[in-house]
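My notes are below the view.

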Amino acid sequence: KLSIPSASLVAVLSVAGLAFSLSLQNTLSNVFAGFTLLMTRPFSSGDFVELGTTTGTVISSGLFYVSLVTADRKEIHIPNSDAASARICNYSVEGRRRVDLYIGVSYDAPAEKVREALLAAAQHPKALQDPAPLVVLNNYQDSSIQYLLMLWTASGDYLDVRFAVNEAVKRELDARGIAIPYPQLDVHFEPQKRNT
């Protein structure tokens with residue numbers, strides 16, 4: 001006959017019951033969130049999405065987790081409760097994305113010459129021509145004038161086009177002698193007057 005103090009047995013059972021109820025609560029939360037995602041369908045398998053702070057391609061959406069593959073080929077499993085409560089941005093649903101490149105150039109560079117260079121850089125085979133690429137003067141900064149180059153591409157080609165056009169921008173600016181300035185600060189010293 002085992003002599004286990006009833007108070008200790010009650011305490012152990014209470015802790016075990018609490019642990020079980022908490023784990024069951026998380027499981028049920030993921031299941032209900034899974035049904036919510038299934039009914040609202042904010043994304044499908046193969047879509048490139050941003051779930052909270054995680055970005056990647058959806059490979060599956062199950063009863064408990066949403067699985068993504070990131071651009072650097074990491075597989076990440078996000079609990080459905082987290083996915084359902086996060087801000088969801090689906091980059092694939094429209095079929096195309098806009099590439100925005102911010103470029104700072106010298107104040108000495110003529111605006112038309114800069115536009116010509118940036119539009120030439122935007123002539124990538126996978127860049128869409130409808131709508132056509134657009135260059136606007138975006139901001140006057142301390143050491144440069146900032147231009148914004150906008151062009152559209154298919155969602156699946158976004159990164160390829162972004163990297164290629166970004167590289168082409170430097171090439172086209174160099175070919176026209178347009179400088180990309182470093183941040184600079186003018187400092188003036190005045191000689192101190194000596195007391196005589």
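I am working with a predicted model, in which local features need pLDDT of at least 70, side-chain atom pairs count only at pLDDT 80 or more, and totals for chains, interfaces and linings use all residues. Residues are numbered from 1 along each chain as its sequence is written, and side-chain values use heavy atoms, with hydrogens and water left out.

**Entry: T153.** I found T153 in strand β8 (residues 145-154); strands are DSSP E runs of at least two residues, helices H or I runs of at least four, numbered from the N terminus. T153 is buried, at 0% relative accessible area (buried means under 20%, with a 1.4 Å probe and protein chains only). Beyond four places in sequence, T153 contacts R96, R97, V99, K126, L128, Y158 and V161 (contact means heavy atoms within 4.5 Å).

**Entry: α3.** I looked at helix α3 (residues 111-121) and noted V114, A117, L118 and A121 as buried. Viewed down the α3 axis, the buried residues fall within an arc of 95°, so they line one face (the arc is that of the directions from the helix axis to the C-beta atoms). Their cover includes β6 (96-105), β7 (134-140), β8 and α4 (158-175).

**Entry: E50.** I located E50 in strand β1 (residues 48-51). E50 is buried, at 16% relative accessible area. Setting aside residues up to four places away, E50 touches T55, R87, I88, C89 and Y91. I also logged a 2.8 Å polar contact between the side chains of E50 and Y91 (a pair of N or O atoms within 3.5 Å; within protein, one must be able to donate a hydrogen and the other to accept it, and residues adjacent in sequence count only if both atoms are side-chain atoms).

How values were computed:
Buried < 20%, exposed > 50% of the residue type's maximum accessible area, 1.4 Å probe, protein only.
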